[in-house]
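This briefing concerns a single protein model and is arranged by topic. Please view the sequence and the structure below before reading on.

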Amino acid sequence: MDKVLDWLSLHLSAIGLLLMFGICWWGIRKRKKDQKRGEELYQKTLKSGMTEPATLHPEINPALCAGCGSCTVVCPEGEVLKLIGHKAVLVNPTKCVGHGECEAACPFGAIDLVFGTKKRGVDIPRLTADFETNVPGLYIAGELGGMGLIRNAVKQGQQAARHAIKNLKKKNKTDTDLFIVGAGPAGLAACLAAIENKSSYICIDQNTLGGTVNNFPRQKVVMSHPADLPIVGKMKFRKNKVSKEELLAYWDSVRKKAGVKIQSEEKFEGLSGEDGFFKVKTSKGEYTAKKVILCMGVRGSPRKLGLENEDLPKVAYNLIDPEQYQNKHVAVVGGGNAGVEAAQYLAKPKYKNKVTLLVRGEAFDRCNEENQNIIFDMEKKGLVTIRFNTVVKEIHEKH
């Protein structure tokens, strides 16, 4: 009996050692695979020039980083941080939206969340994982928070609204529970979440339903992946790539079906107060609200150059209909997705324009890979001229 027990004990120990060896081997292999993936992403980022984070982002102190990898698995946006050489590296800066989960997960204090970089200044306040700012009760969702993808804006809008509703302070008497600024994808999702949770809301937009999407060029493809809306569920279309007009029509049907109320042509002018009682000022009056969600886009109120003559009729800040520009010399200012896409539309052979794209930096740092490939291909074909390291200094009436 003792021999049998000894035999079993010996074999169990051997099996235990084999299992431990197998787990260690699997862990090392997985770690090497992850590091290789991190190196590939980082090189791709360097090659594309998209090295500048658009908003709040992690800054890693390599002297404190022990390479545990905790920060690489907690980010809600996916592959933003990766281990390279056993140190955490920001490999996908433009995907970062400032959740801050990485900072909280680091056990060694090696990560600080910072605004801006040496090249770029501060853009937005710090956000929690539920898109609440450093002002309690005030949320930012969608394009204003650095996330222009519609499906991400939809996700952020409903997540912010649900968190706000969950933390409402019922004792305060206000005009509404939620005040939602902007009726684009994030704003619409926030409205639907409010209706779903039987909370009162007021939604305003300086234009109308669709928000910044209304400022996109005609027939622009705006979605290629479906999103989930509160009440409605998954957005369904007959084809994968959805145009601006198709999306706006779909949203209008959702608005009617769910009874979403939007106060159009009402501009947000400011707010004051604190969690539980905000005063919101608009172009049509003042309101009080327990929570405020800012879902404005960035195209509705464009950033101007601050130059003389930039208010001449020849200067435009949005490209709605490319057909109005034909047989002209056109300068497009800006190397982000909006500028590059505008150049693509205007440089189509049928319009017979001579298009020059002016980019402030030495590379496209806020433009996705697909748009870069298209515009470089158009440059090879002689349809567009790209000038990097170029800043507009003067605008004249005829040139």
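I84 has K87 in β3 as its bridge partner. The model is predicted, so local features are limited to pLDDT of at least 70 and side-chain atom pairs to pLDDT 80 or more, while totals for chains, interfaces and linings use all residues. Residue numbers start from 1 along each chain as its sequence is written, and side-chain values rest on heavy atoms, with hydrogens and water left out.

**Overall chain**

- The protein chain has eight helices and 17 strands; these are DSSP runs numbered from the N terminus, with helices being H or I of at least four residues and strands being E of at least two.
- Of the 399 residues in the protein chain, 41% are buried (under 20% relative accessible area, with a 1.4 Å probe and protein chains only).
- Among contacts (heavy atoms within 4.5 Å) in the protein chain between residues at least 6 apart in sequence, 67% join residues at least 24 apart.

**Hairpin of β2 and β3**

- Strand β2 (residues 81-84) pairs with strand β3 (residues 87-90) in the antiparallel sense over four bridges; pairing requires that DSSP finds at least two bridges between the strands.
- Two residues lie between the strands of this hairpin, and G85 takes a positive phi near 60°.

**Packing of α5 and α6**

- Helix α5 (residues 185-196) packs with helix α6 (residues 244-258) at an angle of about 20°, and their axes are 11 Å apart. Axes are lines fitted to C-alpha atoms, for helices over the stretch in contact, and angles run from 0 to 180 degrees between N-to-C directions.
- The two helices α5 and α6 are therefore roughly parallel to each other (angles under 35 degrees).
- The crossing of α5 and α6 is left-handed, meaning that the near helix is turned anticlockwise from the far one by less than a right angle.
- From α5, P185, L188, L192 and I195 meet W251, V254 and A258 of α6.
- This contact of α5 with α6 has seven nonpolar residues, no polar and no charged ones; Ala, Val, Leu, Ile, Met, Phe, Trp, Tyr, Cys and Pro count as nonpolar, Asp, Glu, Lys and Arg as charged, and the others, Gly among them, as polar.

- Most residues other than glycine have a negative phi.
- I231, although not a glycine, has a positive phi of about 70°. I231 sits in the loop between β9 (228-229) and β10 (233-234).
- With a relative accessible area of 45%, I231 is partly exposed (between the buried limit of 20% and the exposed limit of 50%).
- K352, also not a glycine, has a positive phi of about 55°. K352 sits in the loop between α7 (337-346) and β16 (354-358).
- K352 is exposed, with a relative accessible area of 60%.

Definitions and conventions:
Parallel < 35°, antiparallel > 145°, perpendicular 65-115°, else oblique.
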